[in-house]
Amino acid sequence: LAQVSFCERTPRFRGHRMLCPCAGTEDRNEFRVNQEAAEAEMAEVVAVENPFFTYSEDTVIEFITDVEGHWEYFLRLAHCSKVLYWDDEERGDWGPGILRLRANGMLVFGGDAPDKGPGDIRLVKTLLGLKKRFPQQVYFILGNRDIMKLRFISELHEVGPPGQEWLPTWDLKAKTFDQFLEEHQDKGIERNKLGKLKWLLHCTMGCQDTTFDTRKRELAILKGRASDADVLSSYISSVDSQSADPWMLEFCRFGKIALVIGDILFLHGGISTESYGIVPGKEGRCSSVKDWVDQLNAWKDQQLQDFCRSPLFYKDQNGKQRRGGEDLILYGTPAAGKSSVIYHNPFQDGNPVQRSEEVQDFLQKSGIDRVLSGHQPHGQTPTVVRHPHTGLLAITADTSRSDSKASKIFNPADNRGIVYSAVRLLRDSVEIEGQLADGRYHGCKLHRDPEKDKLPDALVGRQLTDGSWVKTIVFTDDNPRRKLVQTALGKGFSVKICDMSEHTACLQLRDEFKKNAMLKVTIRDFHGSSTSAISLEDCRDGDLTSSHMHLRDFTLNKREFFECETFIFAMMGVFLDPKTPLGAQIVARVNELIFKGKRVIWITNNSNKTRSGLMKELEDIYGIKVFHTTLSRTLSPDGWKWSGKHDKMGEKEIRKLAHQHVVTTSYTCAWFLKQKDLKRPFVICSNPSILQELDTFGITKYVATIHADGKAKPEYLQELNSKNVTELVAKYPDVDSVVICWDQTFTALKMAVATQYLKWADDNGKHLPVITCSMDRSGILGVTNEKFCKDQNFGGKKIRAIGNGVMTGAIMQSASISEVVDVGKPSLMLLEQLRTPSSEGGMGVDFSKAVVVGSTLKTDIELANGGGMKSLLVLSGVTSREDVNKEVNPMRIPTWIAENLAAVGTGESH
């Protein structure tokens with residue numbers, strides 16, 4: 001950065017002939033005076049502070065973006081800043097003094113200064129004052145909301161005849177001025193410039209419908225009172241080079257489309273395969289980032305000069321309607337297509353993605369290690385993408401949709417509340433810190449060289465197997481030293497936020513993101529995950545046009561479906577009575593998959609079933625040819641001959657086949673205990689299935705509430721008192737874990753015994769893991785007949801039972817614990833067992849080539865999304881299409897929907 005040792009002469013455009021934009025329709029271009037002459041004739045001198053500043057090793061850059069007129073949010077950022085500070089006397093509504101920069105500080109504003117709060121004027125003018133006093137330390141990136149304001153002069157110059165208003169070409173469904181007036185007849189909006197301004201703000205500029213009123217409020221704050229005419233005048237004069245105070249135009253003049261400082265590239269929207277090296281109006285691509293940035297900014301300056309010369313609409317030599325700076329205005333809109341770095345969305349279906357290899361190579365050859373942008377909100381914290389092959393850090397820092405429940409008393413467009421995030425760039429690292437909507441603080445430090453990162457911060461910017469990305473590290477209220485990893489998974493405009501332990505995040509990392517040795521962990525170290533750490537956030541931004549809206553399409557892609565190698569089936573709601581025509585067709589479809597050589601797996605959350613028992617049920621009751629699968633014939637070459645004749649086939653042989661075809665929660669529970677080397681669990685159950693699975697893994701010293709034959713132990717059915725509790729604990733004091741299965745005779749005594757094991761171990765500094773066979777809150781036992789309690793209208797109602805999760809929750813509350821290991825659908829442990837190679841006791845499923853077929857969103861579909869698998873939701877169970885359309889949790893959105901499994905067809909043509 002060049003040194004500066006002079007006072008900057010700042011143009012104010014005063015003293016020249018002005019034509020009120022509200023008066024008449026005559027051509028204003030003839031009254032234009034040369035902009036350079038205006039600058040020379042009338043300028044004010046601003047003393048430059050810190051004139052000899054140079055970018056150096058100890059420089060700290062803070063990146064602030066997408067404030068969008070939220071003055072209070074900007075004040076909060078300034079208060080928490082390490083480079084900004086307030087000096088001099090209190091200035092009331094303009095802030096607690098004059099804003100200044102520290103000697104080693106720099107500020108880069110990432111664009112979108114105005115629009116959604118009563119602070120547009122104060123924010124822009126404060127930034128301008130900062131730029132003039134610290135020209136080498138302050139830089140602006142232009143956002144779409146900034147450039148869009150240039151439209152006001154031409155579009156508010158006159159109100160044309162009906163049907164002849166200028167409409168955005170990128171939004172074919174945009175409301176016309178006349179449609180807007182018709183819809184707002186009750187509000188008294190008239191067909192004049194004032195009404196047109198309201199239409200422009202509300203329908204063609206992506207502003208909130210409160211924007212007109214918030215501008216009026218700010219004018220009243222600054223002037224004591226304000227009229228509608230004042231609002232109209234403020235918008236027009238702010239970009240009129242002949243006005244006394246063209247503050248928005250001045251902001252655009254100082255602003256840049258792109259900026260490079262050291263190894264950092266700053267943009268508003270971002271860089272893509274289609275946009276890198278591209279300069280509007282020029283052929284080919286620039287060979288370096290520096291050349292590209294220089295040419296982009298030079299093009300912007302030329303466009304702005306054209307705007308100042310001809311700000312109104314005119315007819316070119318071809319009779320086409322034009323205005324000065326038209327290409328720059330369109331560059332900040334969807335009309336520019338994918339070549340724009342301003343209007344660019346770096347997310348796909350609500351999730352960040354890695355930049356292409358071409359983009360990474362382009363940046364790397366130019367020495368760019370970090371890319372900072374804004375434009376697209378994505379939760380409460382900046383979104384980081386750490387590219388595993390090049391180490392590139394891409395950070396999207398727009399958090400304007402942090403808290404939609406924030407108070408709207410003083411700012412009706414406030415979607416931030418107390419949330420803020422500071423992004424600080426040092427020579428070799430990036431620091432992010434701030435506060436979440438729930439009051440907790442978050443932060444992380446990431447280095448240019450990923451090998452220098454430390455856990456848990458090293459996880460930020462990495463992707464998990466369920467498709468979610470690690471967003472930040474959260475500090476818990478009860479223990480500041482205990483840090484949680486926060487992840488985000490998007491679907492459309494909804495983002496699911498989840499907190500988890502460092503180890504859990506490491507366990508779920510996608511393979512390409514865990515090459516560093518410190519990120520490689522095993523199940524043996526897994527303690528459990530919180531059951532109440534999930535929330536949903538809406539990231540729908542106000543600048544969306546109708547072209548962004550789309551309906552969900554769940555039409556089955558048969559080619560992709562039948563190309564899958566592994567088909568994972570839920571039982572409930574997928575398989576119907578095989579004696580019915582539809583039930584028989586469903587069985588036929590599954591058998592067709594089997595005979596085509598596909599691998600089939602069944603999963604159930606019913607802890608009362610054994611694998612071998614379910615295998616027999618599939619063969620004998622449903623008629624599914626499980627013993628004919630390619631895998632079955634490999635493991636047991638003669639097994640298929642015994643189909644339907646299990647008395648001739650040993651239990652050991654059946655279990656060997658079941659191991660690769662059936663997963664029950666009892667089996668997963670026993671597998672997990674074996675992985676953790678837990679040998680003496682206290683098991684709450686009423687069915688021996690879990691005990692049989694424990695025996696399979698050589699875990700025989702368990703303490704169960706039933707005998708091996710399934711009969712209840714009477715000592716656990718006694719009344720709850722201290723004597724009975726202590727006697728039972730004393731009989732088996734060396735328990736190393738607690739297992740909770742669904743229990744037909746779940747008693748207060750059983751719960752109390754489990755609680756003592758957990759609490760007393762914790763008192764002695766020992767952690768006893770709690771394993772639950774599922775966290776289902778309820779289940780469906782059946783449906784009442786239509787005549788049942790007819791007077792009370794109880795006919796045809798679902799008969800519900802409490803689920804395994806209710807029993808687990810009772811023990812968790814009693815023992816004051818927050819973490820459990822869930823081994824049922826859709827848990828991490830179940831996915832881990834499916835993924836783990838068969839040589840290590842798992843199922844060895846390749847998730848990229850698997851599909852889950854289920855009937856419930858919160859178990860079956862969430863399981864599929866948790867592993868990054870495709871999913872087919874069948875509507876033959878408890879879920880309807882309406883349920884899917886209402887669902888906002890991205891983890892519960894299926895890939896495809898079919899009425900039932902028979903409806904998918906045979907796949908012969910695919």
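Which residue's side chain does the side chain of Thr65 join in a polar contact of 2.6 Å? The partner is Asp66; a polar contact is a pair of N or O atoms within 3.5 Å, where within protein one must be able to donate a hydrogen and the other to accept it, and residues adjacent in sequence count only if both atoms are side-chain atoms.

The model is predicted, so local features need pLDDT of at least 70 and side-chain atom pairs count only at pLDDT 80 or more, while totals for chains, interfaces and linings use all residues. Residues are numbered from 1 along each chain as its sequence is written, and side-chain values use heavy atoms, with hydrogens and water left out.

**The chain as a whole**

The chain contains 27 helices and 37 strands; these are DSSP runs, numbered from the N terminus, with helices (H or I) of at least four residues and strands (E) of at least two. Of its 910 residues, 57% count as buried. Buried means under 20% relative accessible area, exposed over 50%, and partly exposed in between, with a 1.4 Å probe and protein chains only. Contact means heavy atoms within 4.5 Å. Among contacts between residues at least 6 apart in sequence, 67% join residues at least 24 apart.

**Two loop residues**

Thr65 belongs to the loop between β3 (60–64) and α2 (71–80). Leaving aside neighbours within four places in sequence, Thr65 has contacts that include Phe109, His268, Ser373 and Asp398.

Arg680 is found in the loop between α20 (665–676) and β28 (681–684). The side chain of Arg680 makes a polar contact of 2.7 Å with the side chain of Asp734. A polar atom of the Arg680 side chain also lies 2.7 Å from the backbone oxygen of Lys701. Not counting residues up to four places away in sequence, Arg680 touches several others, among them Val703, Tyr732 and Ser737.

**Buried residues and cysteines**

| Residue | Relative accessible area |
|---|---|
| Thr65 | 4% |
| Cys308 | 9% |
| Cys498 | 12% |
| Arg680 | 19% |

A search of the whole structure finds zero disulfides, a disulfide being a pair of cysteine sulfur atoms within 2.5 Å. For Cys308, the closest cysteine sulfur is that of Cys252, at 9.6 Å, which is too far for a bond.

**Helix α9**

In helix α9 (residues 228–237), the buried residues are Val231, Leu232, Ser234, Tyr235 and Ile236. Their cover includes α5 (151–155), α7 (193–204) and α8 (211–223).
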